[in-house]
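Here is a short report on a structure, written for a reader who will check each point against the coordinates.

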Amino acid sequence: MTQLALVIDLNVCVGCHACVTSCKQWNTSGEAGTLGDENPYGKDPSGTFFNRVQTFEVGQYPNTETVHFPKSCLHCEDPPCVPVCPTGASYKRAEDGIVLVDYDKCIGCKYCAWACPYGARELDEQQKVMKKCTLCVDRITDASLPEADRKPACVMACPTNARLFGDIHDPDSGVSTAIREQGGYALMPEWGTHPANHYLPRRRVVGGVQPEDLQRVDNPLKVDGKLPRPAAGEPSLDDVTSW
Amino acid sequence: MTKPAAPAPALNEVRTTTCYMCACRCGIRVHLRDGEVRYIDGNPAHPINKGVICAKGASGIMKQHSPARLTRPLKRREGAERGVGEFVEIEWDEAFARLEQRLAGIRATDPKKFALFTGRDQMQALTGLFARQFGTPNYAAHGGFCSVNMAAGMIYTIGGSFWEFGGPDLDRAKLFVMIGTAEDHHSNPLKIALSKFKRRGGRFISVNPVRTGYSAIADEWVPIRPGTDGALILAIVHELIALGLYDREFLVRYSNAGQLVNLDETSDDFGLLVRGAGEPGDAPGFAENQVWWDRHTDGPVPTHTEGADPYLLGEFRMPDGRPVKPAFQLLQERVAPYTAEWAEGITGVPAETIRRLAHEMGIVARDERVELPIAWTDTWGREHASVTGNPVAFHAMRGLAAHSNGFHTIRALAILMSLLGTIDRPGGFRHRAPFPRAIPPAAKTPRGPEGVQPNTPLAGLALGWPESPEDLFVDADGAPVRIDKGFSWEYPLSVHGLMHNVITNAWKGDPYRLDTLMIFMSNMAWNSTMNTGEVRRMLNDRDADGGHRIPFLVVCDTFQSEMTAFADLVLPDTTYLERHDVMSMLDRPISEFDGPVDAVRLPVVTPPAGCKPFQEVLIELAGRLRLPAFVDAAGARRFSSYPDFITHYETEPGSGIGFLAGWRGKDGAEFMRGAPNPRQWEMYAQNNCVYHHELPPSYQYMRNWNRGYMEWAQRTRIRRWGDPIIIQLYSEVLQKFRRAARGRGAGRKPPAHLRARVETYFDPLPFYYEPLERAATDGERYPLAAITQRPMAMYHAWDSQNAWLRQIHAHNPLYVNPVTARAQGIGDGDWVWVESQWGRVRCIAQWSEAVEPGTVWTWNAIGKQPGAWSLDVDANEARKGFLLNHLISDRLPAGDGAETSNSDPVTGQAGWYDVRVRIERAGAEEPRETAPAFAPLPRYPGMSKAIPGRIAYDAKGPAR
């Protein structure tokens with residue numbers, strides 16, 4: 001069975017927010033839209049986003065890490081938001097594992113938001129329904145789009161290609177390979193939600209110089225350090241004493 | 001969404017154009033649904049961004065729908081003060097008539113009384129041509145207050161620079177060192193490259209007082225005190241030379257390391273390079289005339305003599321008795337005192353770290369050499385079976401540039417890159433066409449006031465690259481001709497002008513008063529100026545007779561802003577999706593390492609009826625004013641529109657060179673040079689709006705000294721001369737200015753009060769000095785550096801009006817290391833006062849472990865005047881956001897009551913990041929709002945009536 005997911009590589013994410021606004025842009029005019037904004041030009045603007053980047057610091061100066069952490073619905077394999085929904089609006093698609101909300105059934109009661117341990121669901125203040133990432137289901141299944149474009153908007157946008165997209169149940173997929181080979185992990189596994197989305201950790205490349213590297217026969221100073229010999233006529237002790 | 005997911009309604013049209021949400025200029029696809037923008041994504045077929053897009057680019061729709069759009073030409077209401085934003089609508093006819101009358105009068109009497117300064121600098125081919133044809137020297141883009149030190153420091157050293165002109169080759173680098181860079185001009189390409197580099201296992205070191213953005217994914221963060229990078233780099237140079245970790249072969253052949261410098265103190269030519277007998281080369285400064293001291297024959301020989309090998313160290317006497325030393329010897333002597341321990345005390349970087357960095361750079365460069373099987377021939381005819389490279393790449397930007405010691409810091413960086421042998425080689429720094437240029441590039445301004453004549457084009461370019469004091473733009477007394485004092489003895493190498501001086505100088509009448517100041521797309525009444533409060537006062541200040549000291553102020557912009565409020569005449573521009581535009585080889589194209597690339601913008605949506613692209617305004621004005629390049633012999637207008645101008649304009653009749661290099665010639669088969677092609681725009685439109693000329697591999701490297709490349713560049717007329725571009729470890733150009741300051745030689749001499757300044761700062765070798773403002777600051781009272789960075793999701797002032805982007809950065813806190821904050825009793829989130837000797841600002845402090853303790857910082861240009869950019873008067877930007885500019889002076893004391901600009905004394909680069917501050921908690925009784933406070937701006941006529949309290953964008957579509 002297919003389980004589509006995003007695998008987000010924190011090793012290359014620079015926190016540029018391309019995924020945030022490309023998502024908003026695609027989805028506000030898409031099937032999951034609109035994504036409204038309250039006070040868009042006023043105090044404390046607040047809009048619906050399916051994807052946000054949180055930035056936090058780890059460690060103490062000077063051993064500080066700045067981590068950019070994009071977060072959206074994790075499309076859990078066992079999503080706690082689905083069973084709590086009183087109307088059946090929240091559901092998980094059998095064919096690809098995407099967790100979706102049927103706006104026609106949603107009454108905006110927010111049970112799903114309380115059940116989601118990841119804070120991935122938002123109430124759209126204008127339509128009063130719960131909204132969240134759909135993995136751009138209206139892009140990835142749209143046969144009228146060129147095949148190369150049938151990816152979530154955030155994946156297409158990401159300048160560092162930090163967002164990988166594919167089927168984590170297919171062991172040969174790019175996302176499964178990345179999880180396997182690069183230590184991909186799920187968020188808060190103790191909740192038993194089995195998030196489909198995974199994160200790849202930072203990987204630090206350490207430099208190293210061996211002392212012998214600095215002692216080399218081809219050191220150019222062996223040439224440049226050899227200055228011209230003084231001319232024979234320049235003053236010397238030969239001229240001044242007989243011992 | 002409704003179950004089951006129905007396919008989206010088909011997008012009924014996709015058009016390609018070029019983004020302008022920042023200066024990166026990515027290719028975009030604009031997906032339209034019934035003429036409305038449904039979606040903008042990156043164009044996969046575009047060489048710059050290869051399909052990706054950034055947060056700004058993906059928010060273009062909200063710029064299109066911004067309530068800050070200006071839609072009518074406006075004139076200041078009779079009797080209204082400048083700055084309050086009270087206007088009445090006028091028609092374009094009236095706007096043009098007023099401009100025509102005023103500018104024609106200026107042009108007929110004293111053209112320099114008209115000044116044109118532009119915030120964006122990617123339209124310089126046209127704006128520069130307009131100014132030159134008008135005859136005014138008073139023209140520049142914003143480079144002087146942005147990163148001119150980066151351009152000048154590197155171009156005067158290696159003939160190329162970071163930026164549009166060159167960059168790090170991360171496809172082949174193994175070690176990447178990024179210094180003083182937050183977000184970048186070349187934004188998406190750098191992100192793409194960084195990611196690939198990291199995934200290949202490359203090691204990334206970031207040197208920066210702050211760890212944000214790109215630095216977040218660095219393998220090592222080296223925090224440094226602002227303004228001290230020069231000390232770090234010079235200490236690394238010291239270490240590389242001391243340990244022999246330099247690429248000798250590269251330096252000998254491609255730099256002036258072995259060239260002999262005349263050290264005869266009795267000679268007028270002291271400090272200049274020794275020149276041999278023999279014919280001069282094709283071009284001024286051709287290297288054949290310079291001299292090495294040959295190891296084999298123990299005597300002077302022309303450089304590059306076959307079989308000769310120069311001494312790099314030592315001292316010698318020419319046959320005529322003159323004492324001489326190789327340039328490299330002088331460099332070694334210069335850096336001798338710059339030890340790692342010395343630099344630790346200045347930079348805060350431990351000496352051990354400095355040495356480790358130097359060793360790592362030197363050893364990676366030496367031991368991980370890249371070799372590509374590409375045969376090429378150098379200028380001197382030597383054939384090389386392969387192209388080799390030392391895979392250490394650097395990138396640097398405003399963190400180095402925006403200091404008054406930035407020029408020498410950047411010279412030092414270019415020298416470091418050269419010592420490692422990384423110039424235009426795989427894995428190092430690579431040029432982008434039309435670079436490399438000669439050192440210095442050929443463009444020159446007129447040399448004196450006689451170059452400015454009524455009804456006559458300027459006798460030279462408004463901006464140039466001085467090669468000696470003879471190229472300065474000064475009068476017989478050495479006084480400046482330009483309003484910004486560019487190319488004067490005060491800022492001799494101000495190659496991008498000094499836009500930050502214009503308002504202050506015009507207000508003071510120093511060197512003279514202006515009549516009309518036209519500003520395009522720059523927020524000089526707010527975040528783009530130093531000393532904001534005072535500059536706003538100057539903009540509205542009047543003479544005793546009641547007239548404004550700057551009599552007529554024209555502002556062209558797309559949006560209502562703090563600056564437009566001061567205009568006498570506001571010209572509403574279009575957005576980038578509504579106009580034609582070119583990224584020209586005559587300006588700053590989007591070339592790749594592998595060859596020249598230029599591009600266009602095409603309108604994809606219709607502008608509001610009252611808006612007009614600034615390009616069209618200039619073409620119209622040029623025709624009305626009968627500027628020679630824009631009219632025929634009978635004075636009739638030659639170009640019906642901007643697109644028509646682009647198609648048909650040639651730099652001189654029959655030159656075959658125009659603004660666009662692609663698809664020239666009658667049938668579009670020519671590149672760079674060819675007759676105008678009436679179908680040129682169409683051909684760009686059919687090809688993703690971009691022309692990419694890929695060079696053969698043998699022309700893609702070592703271009704400073706690559707015979708094949710140089711011949712190609714000459715044939716295409718990218719260069720006039722084919723002489724090699726020798727790396728200037730030792731800068732003879734700088735020495736020529738120092739020589740003049742010492743009163744030697746026959747040429748121009750600086751006025752007495754500037755002699756010491758020129759002598760000090762025109763050192764032919766890089767040196768470290770404290771930024772000038774430090775010397776004028778009580779360091780005990782103001783112990784902290786204060787800097788800004790540009791966030792990736794915002795482009796300067798532009799994006800606070802963007803409903804999506806402002807939700808990412810609605811206000812800007814002051815980031816303070818907790819150690820520093822606690823020492824002042826400042827808690828996380830407290831309101832604080834930041835105070836410099838020039839002013840004080842109230843803002844919110846936020847603790848951060850990602851900033852070195854001697855520095856506080858904030859995001860640039862988030863704080864806004866209430867009501868500006870169509871934000872509500874209580875918007876976060878105006879109440880919680882703040883502007884650091886209030887703390888930064890545009891002037892510094894210069895002794896004896898004199899003043900000088902707060903700028904680099906070599907280039908005039910604005911010293912934004914030199915300011916020193918102190919912080920203290922705001923009183924509990926104080927308002928929890930930023931201060932100083934400004935009166936709200938009103939909405940102007942023609943702007944949408946109301947600011948929406950909620951939006952839910954949905955591109956119209958038949959199925960919805």
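B:L251 is buried, because 25 C-beta neighbours lie inside 10 Å and the cut-off for burial is 20 or more. The model is a predicted one. B:L251 sits in helix 7 (residues 248–254) of chain B. Beyond its sequence neighbours up to four places away, B:L251 touches B:Y246, B:A257, B:F328, B:S418 and B:L419. B:F328 is 77 residues from B:L251 along the chain, yet their C-alpha atoms are separated by 9.0 Å.

**Helix packing in chain B**

B:L419, one of the residues touched by B:L251, also takes part in a helix contact. The helices are helix 6 (residues 229–243) and helix 12 (residues 406–419) of chain B, and their axes come within 9 Å and cross at roughly 30 degrees. An angle under 35 degrees counts as roughly parallel, so helix 6 of chain B is roughly parallel to helix 12 of chain B. The crossing of helix 6 of chain B past helix 12 of chain B is left-handed. From helix 6 of chain B come B:D229, B:G230, B:I233, B:L234, B:I236, B:V237 and B:L240. They meet B:H408, B:T409, B:A412, B:L413, B:I415, B:L416 and B:L419 of helix 12 of chain B. By class, this contact has 10 nonpolar, 3 polar and 1 charged residues.

Helix 6 of chain B also packs against helix 9 (residues 340–347) of chain B, at an angle of about 170 degrees with the axes 9 Å apart. Over 145 degrees counts as roughly antiparallel, so that is how helix 6 of chain B runs relative to helix 9 of chain B. Helix 6 of chain B contributes B:A231, B:L232, B:A235 and B:E239. Helix 9 of chain B contributes B:A340, B:W342, B:A343, B:I346 and B:T347. The residues of this contact divide into 7 nonpolar, 1 polar and 1 charged.

**Buried strands in chain B**

Strand 21 (residues 392–396) of chain B has 5 of its 5 residues buried, so it is largely enclosed by the rest of the structure. In a regular strand, side chains alternate between the two faces of the sheet. On one side of strand 21 of chain B are B:V392, B:F394 and B:A396, and on the other are B:A393 and B:H395. Strand 9 (residues 175–179) of chain B runs parallel to strand 21 of chain B, joined by 5 bridges. The bridge partner of B:M178 in strand 21 of chain B is B:H395.

Strand 24 (residues 552–557) of chain B is also described as largely enclosed, because 6 of its 6 residues are buried. B:F552, B:V554 and B:C556 are buried on one side, with B:L553, B:V555 and B:D557 buried on the other. Strand 23 (residues 516–520) of chain B pairs with strand 24 of chain B in the parallel sense over 5 bridges. B:M518 stands opposite B:V554.

**Where the chains meet**

73 residues of chain A are in contact with 83 residues of chain B. Helix 1 (18–28) of chain A is among the elements that give two or more residues to the chain A side. Helix 1 of chain A gives the most, with 8 residues. By class, the chain A side has 30 nonpolar, 29 polar and 14 charged residues.

Strand 2 (residues 37–38) of chain A is joined to strand 37 of chain B by 2 bridges. One bridge pair is A:E38 with B:R950.

**Backbone details in loops**

| Site | Feature | Value |
|---|---|---|
| A:Y61 to A:P62 | cis peptide bond | omega near 0 degrees |
| B:D510 to B:P511 | cis peptide bond | omega about 15 degrees |
| B:N455 | positive phi | near 50 degrees |
| B:S870 | positive phi | about 60 degrees |

A:P62 is in the loop between strand 4 (51–58) and strand 5 of chain A. B:P511 is in the loop between helix 13 (499–508) and strand 23 of chain B. B:N455 lies in the loop between strand 22 (429–431) and helix 13 of chain B.

Are B:N455 and B:S870 buried or partly exposed? B:N455 is partly exposed, with 15 other C-beta atoms within 10 Å. B:S870 is buried, with 22. B:S870 lies in the loop between strand 33 (855–859) and helix 23 (876–879) of chain B.

Technical notes. Residues numbered from 1 in each chain as written. Chains lettered and ligands numbered in written order. Predicted model: local features only at pLDDT ≥ 70, side-chain atom pairs only at ≥ 80, totals over all residues. Pairing = 2+ DSSP bridges. Helix = DSSP H or I, 4+ residues; strand = E, 2+ residues; numbered from the N terminus. Contact = placed C-beta atoms within 7 Å. Nonpolar A, V, L, I, M, F, W, Y, C, P; charged D, E, K, R; others polar. Axes fitted to C-alpha atoms, helices over the stretch in contact; angles between N-to-C directions. Parallel < 35°, antiparallel > 145°, perpendicular 65-115°, else oblique. Left-handed = near helix turned anticlockwise from the far one by under 90°. Buried ≥ 20, exposed ≤ 12 C-beta atoms within 10 Å, placed from the backbone.
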